[in-house]
Amino acid sequence: MVSSVGALMVLMVTQVFFGGSSGLVPQIGRSSLSQDVLHAFELRLLSMFGLKHRPSPSRSAVVPQYMMDLYSMHSVNAEQNNSNRPKGSLGKASERSASRANTIRSFHHDESTEDLSSSSGKTTQRFLFNLTSIPGEEFVTSAELRIFREQIVSSPSNGFHRINIHEIIRPSGSLQEPITRLLDTRLVQHSLSKWESFDVSPAVTRWTADGRPNHGLVVEIVHPDQDSKRHVRVSRSLHDREDTWSQMRPLLVTYSHDGKGNVLHSREKRQVRPKNQRKKQKPNCKRHSLYVDFSDVGWNDWIVAPPGYHAFYCQGECPFPLADHLNSTNHAIVQTLVNSVNSNIPRACCVPTDLSPVSLLYLDEYERVILKNYQDMVVEGCGCR
C-alpha cells in the first residue's frame, strides 16, 4: 500500500500546483487535466485506502446505525454529533474491542443459506457470514454478533427467555447430527426492547487466523411460550415490516488491526481552521488551509463520513537566522547557517513535523461497511527541516 504521507503529498502538490485551497481538485484545474491523469490520481488515492477498484455501491446498500454510532464515538470529525447518539447504544464491550483495533467491519448474513426451524419451546436459525473480504494481514482481535429483540407485551413483565449462540463445527449430514460449540448465552427479560451483543470471537478467530472451515453460526432462542417466538429479529420471515428489516437484521461486527498506526480508541487531534492572516511578501514557514472534499472526485457515494476533512499543508520561508518558533532541528539550523555564506547549499525546507489520523466510514467493493483509522492524514504542525 502506498504510504499515507505519500498520498497526502499527492493531494498537496495537486492542490498547490493548480491553485486554490477549497477542494481536492479545484474546478479551475480539473478542466485542464486529462482523463488519464485524473484516473491515475484516483488510483493513487484508492491505493492509500487499500482498495484496488473504486467502490460503486447500489442505492440499496445499507449503512447500519451501529456503524454510524461507532464512527461518532471514535472520530473527532463527528464529535459535534455525539450528543445526538442514543444513550446506551454502544456498550462497554464495544469500547474495549475498539481499544485494540484500527479497523471495524460489519457483515450481514447470506439470506439464501439461512436455515430457520422451530419446535416446541425453541427456535433456531443458522447464519453464514462471508468473511473472505478481511485482508490476510489483518488480525481479528474480537467479534460480536448483534441481534435485535422487541418487548413481548403479551407476556408477564418479569418473564425471561434464553438466547444461545453456537459455532457449527461440523454441519449435519444425511446420517449425522451437526456438531456445535456454545460461544455465548444470555438470559433476557421479556419487558425490554434492545440490541443484544454476543461474543463470537473464538469462532471468527478460528476462521480467519487458523484457517478453519466457516460453517456458520446458530442462534437458538429458548422461549417458554409461542408468543415470544417472533420478537427476536433473526429472520426476515419473523420481522413484521419489510422497510425496517435492513436496520433490524442480525449484524456481525469484527474488530481488527493491520499493524499500522493507532487504534480507533485514540481520539484524533482536533482540526481547527487557521485564522486568516494578511500575506507577507515572504511569509515564514507555517501551516496553511487545505480542505479535502471527497465530492470533488465523486467519492461521496461510497465514503459515508466525513464528507471531507481539513488536511492542511506546510509552506513558507526558512530564513537565516532560524527563529525558535519555526520548530527547527539542529541540522536545519546548521544548513541555514552554511547557506548564508554559500548559496550552493539550499536552505532548510518547510515540512510537516506533526501529523494526526482521520477516521473514515465507507463502503468497500462488496458493499460492506468499514470504519478505519488512517494515519498521518492531517498536518498538525510545520517546521524547518
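Mentor: We start with the salt bridges and then turn to a sheet. This is a predicted model, where local features need pLDDT of at least 70, side-chain atom pairs count only at pLDDT 80 or more, and totals for chains, interfaces and linings use all residues. Residues are numbered from 1 along each chain as its sequence is written, and side-chain values use heavy atoms, with hydrogens and water left out.

Trainee: How many salt bridges does a search of the whole structure find?

Mentor: The general idea comes first. Side chains of opposite charge can pair when their charged atoms come close. A salt bridge here is a side-chain nitrogen of Lys or Arg within 4 Å of a carboxyl oxygen of Asp or Glu. The search finds 12 of them.

Trainee: Which residue meets aspartate 301 in a salt bridge?

Mentor: Arginine 54 does, with 2.8 Å from N to O. Aspartate 301 sits in the loop between β11 (291-293) and β12 (303-305), and arginine 54 in the loop between α3 (35-48) and α4 (65-74), so the pair ties together parts 247 residues apart in sequence. Helices (H or I, at least four residues) and strands (E, at least two) are DSSP runs, numbered from the N terminus.

Trainee: What does arginine 149 form a salt bridge with?

Mentor: Its partner is glutamate 196, with the closest N and O atoms 2.8 Å apart. This pair links distant parts of the chain: arginine 149 is in strand β4 (residues 139-149) and glutamate 196 in strand β7 (residues 194-199), 47 residues apart. Arginine 149 is buried at 2% relative accessibility. Glutamate 196 is buried at 5%.

Trainee: How far apart are the closest N and O atoms of arginine 186 and glutamate 196?

Mentor: They are 3.1 Å apart, and the two residues form a salt bridge. Arginine 186 lies in strand β6 (residues 179-189) and glutamate 196 in β7, so this pair ties together parts 10 residues apart in sequence. Arginine 186 is partly exposed, at 25% relative accessibility. Salt bridges with shared partners join Arg149, Asp184, Arg186 and Glu196 into one network.

Trainee: Now the sheet. In what order do the 5 strands lie?

Mentor: Two strands pair if DSSP finds at least two bridges between them. Here the order is β2-β3-β8-β5-β6, an open sheet with antiparallel pairing. The edge strands are β2 (115-119) and β6, each pairing on one side only.

Trainee: How many residues of strand β8 are buried?

Mentor: In β8 (residues 217-222), 5 of the 6 residues are buried, so the strand is largely enclosed by the rest of the structure. Strand β3 (residues 122-127) is joined to β8 by 6 bridges. Strand β5 (residues 160-170) is likewise joined to β8 by 6 bridges.

Trainee: Which residue of β8 is the bridge partner of arginine 126?

Mentor: Valine 218 is. Histidine 166 also has valine 218 as its bridge partner. For threonine 124, the partner in β8 is glutamate 220.

How values were computed
Buried means under 20% relative accessible area, exposed over 50%, partly exposed in between (1.4 Å probe, protein chains only).
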